[in-house]
Amino acid sequence: MYLIAIGDGHGAETAGKRTPPFANGTVMKENEFNKATVNYLEKELERCGFSVLQTAPEETDTPLSVRAKRANDAGADLYISIHANAFGSGWNDANGVESWIYSKKDKDTLDAAQKIQSEVIKETGLKDRGIKESGNSLGILRDTKMSAVLVECGFMTNPQEAAMLKSDAYRKKVAKAICRGVCLHFGVEYKGEGNEMEKIKVILLGKEVEMMGVKVIDENGDVTNCVTIRDFAEQTGYKVSFKGATPILERA
């Protein structure tokens, strides 16, 4: 299976990489968003069958040369760098999502970036700022030997987007969207969380029974248990048949 190297941009104490102060006087450091999203992305990718290498698991600001070397030495098939954008140092209306690659002449990298960018825009609804070329200006894109995409997932200097970047729900959305883009690039089926069948405990007429079903988890982390109609029918004394996709329940 493919190996995906992922890195959270900057470190917890990197100078200047944070929001302006919110109304309550607090700030969000960029790495708070980056690291949380990378951790969610790792789980998403592993669920879909990818091998994953975090290139900067340390709390400190791991040098770009170290990150690139770890990915290169591991023979990664794709590198993804997660960031939050900024314009100036105060609040303003700059907004949207953009992705950076070394050169658009690299068709494989361009394809990965386009698919990731498209999925993030669809999932978040933010402005599409497109795919941009870095040339030699971004070290992680210059020094990695595999296709590499740096994703700027919203502006820390935009009050509305900063509030989104702070939220766990948005971080999960971004991770899911990036994973879907990676799946599309490699032709791998995306497997969402909670889509696998498992035994679910149900209290039926005061008695605990087990039925096959799935756990559906929404963007806020709330869980809904859904059991199969056949298991429910059999446990309640019905027989089930189908007309097309429509279940028909009759007393057994």
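Buried means under 20% relative accessible area, exposed over 50%, and partly exposed in between, with a 1.4 Å probe and protein chains only. The model is predicted, so that local features need pLDDT of at least 70 and side-chain atom pairs count only at pLDDT 80 or more, while totals for chains, interfaces and linings use all residues. Residues are numbered from 1 along each chain as its sequence is written, and side-chain values use heavy atoms, leaving out hydrogens and water.

**View 1. Cysteine 179 without a disulfide partner.** The whole structure holds 0 disulfides, a disulfide being a pair of cysteine sulfur atoms within 2.5 Å. For cysteine 179 the nearest cysteine sulfur, that of cysteine 48, is 3.8 Å away. Cysteine 179 counts as buried because its relative accessibility is 0%.

**View 2. Helix 3 (residues 107–124) crossing helix 6 (residues 168–186).** These helices (DSSP runs of H or I, at least four residues, numbered from the N terminus) have axes that come within 8 Å and cross at roughly 145°; the axes are lines fitted to C-alpha atoms over the stretch in contact, with angles from 0 to 180 degrees between N-to-C directions.

View 3. Arginine 180 and glutamate 119 form a salt bridge at 2.8 Å, N to O, where the term requires a side-chain nitrogen of Lys or Arg within 4 Å of a carboxyl oxygen of Asp or Glu. Glutamate 123 also bridges to arginine 180, with the closest N and O atoms 3.0 Å apart, and both of these residues are buried. A network of salt bridges links Glu119, Lys122, Glu123, Lys176 and Arg180.

Note on methods:
Helices (H or I, at least four residues) and strands (E, at least two) are DSSP runs, numbered from the N terminus.
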